[in-house]
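Student: I would like to learn how to read a model with several chains. Where do we begin?

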Amino acid sequence: MFYREAGQFRTSYGQDSQIFPLRQDRFAMLALLAVAVVVIPYIASDYWLRALLIPWLIFSLVALGQNILTGYAGQLSLGSAGFMAVGAFACYNFMLRVDGMPFLVAVVLSGLCAAGVGIAFGLPSLRIRGLYLAVATLAAQFFIVWALDKFGWFKNNDPSGVITAQPIVILGYAFNTAQEKYLIVLAIVAGLALLAKNMARGATGRAWMAVRDMDVAAEVMGLPLMRTKLQAFAISSFYCGVGGALFAFAYLGTVEPSAFTIDLSFRILFMIIIGGVGTILGSFLGAGFILLLPIFLSVLFHAVFGQTVDASLISAVELIVFGALIIIFLIVEPHGLARMWQLTKERLRLWPFPH
Amino acid sequence: MTVQLHAHARAFPIGGPIIEVQDISMAFGGVKALTKISFDVRKHEVRAIIGPNGAGKSSMLNVINGVYRPQEGTLRFAGEVITGITPRRAAHLGISRTFQNIALFKGMTVLDNIMAGRNLRMHANFLEVAFRLPRALREETENREAVEEIIEFLEIEHIRKTPVGRLPYGLQKRVELGRAIAAEPKVLLLDEPMAGMNIEEKQDMCRFVLDVNDHYGTTIVLIEHDMGVVMDISDRVVVLDYGKKIGDGTPDEVRANQNVIDAYLGVAH
Amino acid sequence: MAGFQFFLEVLVGGLLSGVMYALVALGFVLIYKASGVFNFAQGAMVFFAALSFVGFMELGAPFWLALPITIGLMALLGLGIERFVLRPLVNQHEITLLMATIGLTFVIEGVAQLVWGVEVRRLDLGIKDQPLPWLADNAGLFISQIDIFAAVVAAILVATLSLVFSRTKVGRALRAVADDHAAALSIGIPLKRIWALVWAISGVVALVAGMLWGARSGVQFALVFVALKALPVLIIGGFTSVPGVIVAGLIVGAAEKLAEVYIGPSVGGGIESWFPYVLAILFLLVRPEGLFGEKIIRRV
């Protein structure tokens, strides 16, 4: 009885197409943002920020990129980690080689670099689809990581093989503490998520989904297939690239190709499968789920078996649980956590009445 | 069932040819789908293409809007030669179509599907959409108004936010019609728009098709199996059999054509 | 002359390694042919099969006992996959099934790690990993006996399977099922039994591939990534062709080795990690159905 739309009338198309048409949703979102910005930095411990919240935000961003390409535009991609790597290395090089390069500008430029690479490796999508396209994206993944590793220029010819990311400095203010890094990541991710939501709801998203659902019909309606597909690759890679830059600068602190393996690409794909393919919310939910699961399992094991549990045992169980969850979600709720949330909201709207 | 068509004066009198098919031949590997087909479609008319199964009717439609490329022959649209154009170009020229097996975007709502049909009128790029700049917002609202008119016209207001995958077959076909007319086409190609419908649904669909022709002046080319429908709503009919044209004229003329009768009765010819 | 000798050695080495890829890819083709499912977990199955075999031997079972036990295990695994993963997803989009098999990969890897541990193991087939003396002495070519044995086994396997598919009643039933499940059911083909059979055969093929591969380079986790290499093989050969898989495997193996040796040094080496995939893309752009695959026609 609290979550109802009684009395809320929308009198214009503009109102009808808002992100949160219900007043309660708007309030909840604003409250959430307020908590995230004002409350969390004060009460969350460094561990929480560094190990949970920051990577969650970053992975949500990358999952968004994956969702745009695979969820909305229907192009199966297994190369997101590769595009992250492009972003990370581009950011490092821009900061290194251009004097006085502002961090935020470097991040945007890195995203654009990743977008360029994305377009290049997205070109095969004009002729091939489905599984075949996935293999092409695998080529991207392996090639990019190989190239970044092989050509020393990317690593500034550093012999040690481990490059430290430069500190984040914006307008003279250094973002060093966990709280500061958290806030800057939050700002970037929230902003990009909003843009993604706008695109998804608008003509851009419709074009993507048309290409996903039935590209022959889309072409017959005049939709430019090539432009739409490449655009999806570009925007998706941009998001992955920015995510990669943040991953290196605000989370890992180092820039190395070995952080961007095929395994990571699979995990990102899992994030959107579990979270909800083709939804914005799903990217956040899926990223959170995939991040929290290992921690949850580890805590569970230690609680049940005490401190004497072999690490490889836990990692084996983790693999099994991951894989099993993917299969279970695909069978039971293919639209993921986002749909489950939606169904919960619909029940809330009826509560306390049964129907 | 009867539909009163010619009982009132047409808002858009039938004009000269808008589509001219000249000696079109097309084959898939060894299978000849179309052999030297020639006919025309006049502006503002309702032209039916009929024929037994496998006669090449869908292939003909596919040639007209560029999905298939004919090996021989010429296709003209409003006087201009367009043989071998791409489907995208056909859409830009004002040729819209529906498909036999419903080609709706199953993951989207009714509203989004029909809005997608307006894509040729929406020019804002993705950045404008992402940042909700004025042009994008204005286009969204304007096109939403146009789409709501279509939704009202087709009497599907109650399902506008429903994902099309959940709709019954008859309503899906109606939504597909809506999406096709959303582009405000000059020519509408309908591939068996009434297949699989019961009598009431057919009556509704006929009414909508005729209203589109009457209200917007859209030229209609439709493939249809139901003879009653064809006889009632078309101005002229083309009959195909085994990829060849065996009849062309008004419904009455075609009905009396011995070749047509033989083809349908399966008499060897 | 020495240059040509070297080239020949690299070529033959590549071809033989291609045979290995083809063996892994063979399992993919079987399942795809029979059920239209792309079993991403095939590589994990190869790994699991090899690991189990070695594991059983370590537990004390002799070769002739460990082999049938592992075969039985793989057949059971296949049946389990068909029952619990594929059947619930039977009418879904092919991408959904693909993602389910990716999940399956993780499960199988996890179980392997859980049951048998993470150490690298040696697999001894009784064949020495040394150059065949006859070839070394007469032609100056140093080719490992294991590789030759693998090639022979692969040839026999492929020939047998090809014959089964094209000549026998079971093979015909398999092809019917691959084409159209509903139609096959309607003419009385026992769908579930056929699928069970196919998954069992595929498990056996995985075991053979795993044993040969394990004998060559030890049974280790990296084997799973070999499976990824099977993807370009499938693309180039065509997903549905058994002989195509062999030809494509040879092409990929040879091309990869030759590229590594001749182009590699000028760019720092390591080309093998991506070269087969780029090759596959080029093939896709020119001939999307692969060398021997069926042409894909999309009707509107």
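Tutor: With chain B: the C-alpha centres of its domain 1 and domain 2 lie 28 Å apart. Domain 1 of chain B covers 1–94 + 185–269, and domain 2 covers 103–168; the bounds come from an automatic or database domain assignment. This is a predicted model, in which local features need pLDDT of at least 70, side-chain atom pairs count only at pLDDT 80 or more, and totals for chains, interfaces and linings use all residues. Residues are numbered from 1 along each chain as its sequence is written, and chains are lettered from A and ligands numbered from 1 in the order in which they are written.

Student: How many residues does the contact take from chain A and from chain B?

Tutor: Two residues are in contact if their C-beta atoms, placed from the backbone, lie within 7 Å. The contact takes 27 residues from chain A and 32 residues from chain B. On the chain A side, the largest share, 8 residues, comes from H8(A). Helices here are DSSP runs (H or I, at least four residues), numbered from the N terminus.

Student: Is H8(A) buried or exposed?

Tutor: A residue is buried if 20 or more other C-beta atoms, placed from the backbone, lie within 10 Å of its own, exposed if 12 or fewer, and partly exposed in between. In H8(A), 11 of the 11 residues are buried, so this helix is largely enclosed by the rest of the structure. Among them are A:Trp208, A:Met209 and A:Arg212. They pack against H3, H7, H9 and H10 of chain A, together with helix H3 (110–116) and helix H4 (126–130) of chain B.

Student: How is a pair of packed helices described?

Tutor: By the angle between their axes and the distance between the axes. Axes are lines fitted to C-alpha atoms, for helices over the stretch in contact, and angles run from 0 to 180 degrees between N-to-C directions. The axes of H3(A) (residues 46–72) and H7(A) come within 10 Å and cross at roughly 20°. These two helices are therefore roughly parallel to each other (angles under 35 degrees). Residues making this contact include A:Leu53 and A:Leu57 of H3(A), and A:Val185 and A:Val189 of H7(A). By class, the contact has 18 nonpolar, 2 polar and 3 charged residues. Ala, Val, Leu, Ile, Met, Phe, Trp, Tyr, Cys and Pro count as nonpolar, Asp, Glu, Lys and Arg as charged, and the others, Gly among them, as polar.

Technical notes. Angles under 35 degrees count as roughly parallel, over 145 as roughly antiparallel, 65 to 115 as roughly perpendicular and the rest as oblique.
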